[in-house]
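Here is a short briefing on the model shown below. Have a look at the fold, and then we can walk through it together.

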Amino acid sequence: MGKVKNQIKVEYSGNSIIIRSLDENGKEEKAVNRTKLTRIASAYYDEEHHIILSLKDTTYIYRSSPFDEETVFIKKETGNLFSSMRMKKVKESLERYELIEAIYYTSDFQIKSFVEYQNVVFECK
């Protein structure tokens with residue numbers, strides 16, 4: 001199912017934010033890639049130049065490979081809290097998505113929570 005990263009290390013350096021996953025002992029996990037975000041104007045972008053953090057509600061789709069598409073949903077949650085979710089549609093399913101990562105942050109781009117690897121099922125009503 002899902003894995004919530006309760007322990008993360010966030011480094012703020014100039015116009016960059018680096019998010020590292022830590023194990024239960026507080027050491028950096030070797031098998032997990034870090035997330036590096038760079039500020040350009042009023043938003044933060046990943047290393048492939050996809051917008052990841054913004055103060056505007058945003059939704060877009062991009063190709064992560066010739067066969068896969070990823071969708072990014074950025075929205076204001078409540079008050080000063082924003083979320084950015086990156087999801088990939090599970091192959092051969094119209095209703096099932098895998099949450100690659102979700103980042104919760106404040107309007108001054110302070111990271112509050114980082115979640116990764118969850119399956120989401122949408123039901124039509």
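Two strands count as paired if DSSP finds at least two bridges between them. Strands themselves (E, at least two residues) and helices (H or I, at least four) are DSSP runs, numbered from the N terminus. This is a predicted model, in which local features need pLDDT of at least 70 and side-chain atom pairs count only at pLDDT 80 or more, while totals for chains, interfaces and linings use all residues. Residues are numbered from 1 along each chain as its sequence is written, and side-chain values use heavy atoms, with hydrogens and water left out.

**Overall picture**

- The protein chain has eleven strands and zero helices.
- Of its 125 residues, 36% are buried (under 20% relative accessible area, with exposed meaning over 50% and partly exposed in between; 1.4 Å probe, protein chains only).
- The accessible surface is about 8200 Å², and carbon and sulfur atoms hold 48% of that surface (Shrake-Rupley method, 1.4 Å probe; for residues, only the protein chains shown count as cover).
- Among contacts (heavy atoms within 4.5 Å) with a separation of 6 or more, 29% link residues 24 or more positions apart.

- Confidence is lowest in strand β1 (residues 3–5), with a mean of 50, and highest in β5, at 95.
- Where pLDDT is low, the predicted coordinates should not be read in detail.

**The open sheet**

- Five strands make an open sheet in the order β2-β3-β4-β5-β6, with antiparallel pairing.
- At its edges are β2 (8–13) and β6, each of which pairs on one side only.
- From one strand to the next, the twist averages 30° (axes are lines fitted to C-alpha atoms, and angles run from 0 to 180 degrees between N-to-C directions).
- Within the sheet, β3 and strand β4 (residues 35–40) run antiparallel and are joined by four bridges; Ser16 stands opposite Thr38 in β4.

- Strands β8 (residues 69–78) and β9 (residues 81–89) run antiparallel and share eight bridges.
- Phe73 has Met85 in β9 as its bridge partner.
- Two residues separate β8 and β9 in this hairpin, and Gly79 in the turn has a positive phi of about 50°.
- Gly79 counts as exposed because its relative accessibility is 61%.
- The C-alpha atoms of Gly79 and Ser107 lie 9.2 Å apart, although these residues are 28 apart in sequence.

- Beyond its neighbours within four places in sequence, Ile103 is in contact with residues including Ile19, Leu37, Leu53, Phe82 and Phe114.

**A histidine among tyrosines**

- His50 lies in the loop between β5 and β6.
- With a relative accessibility of 16%, His50 counts as buried.
- Not counting residues up to four places away in sequence, His50 touches Tyr44, Tyr45, Tyr60 and Tyr62.

Key
pLDDT = per-residue confidence, 0-100.
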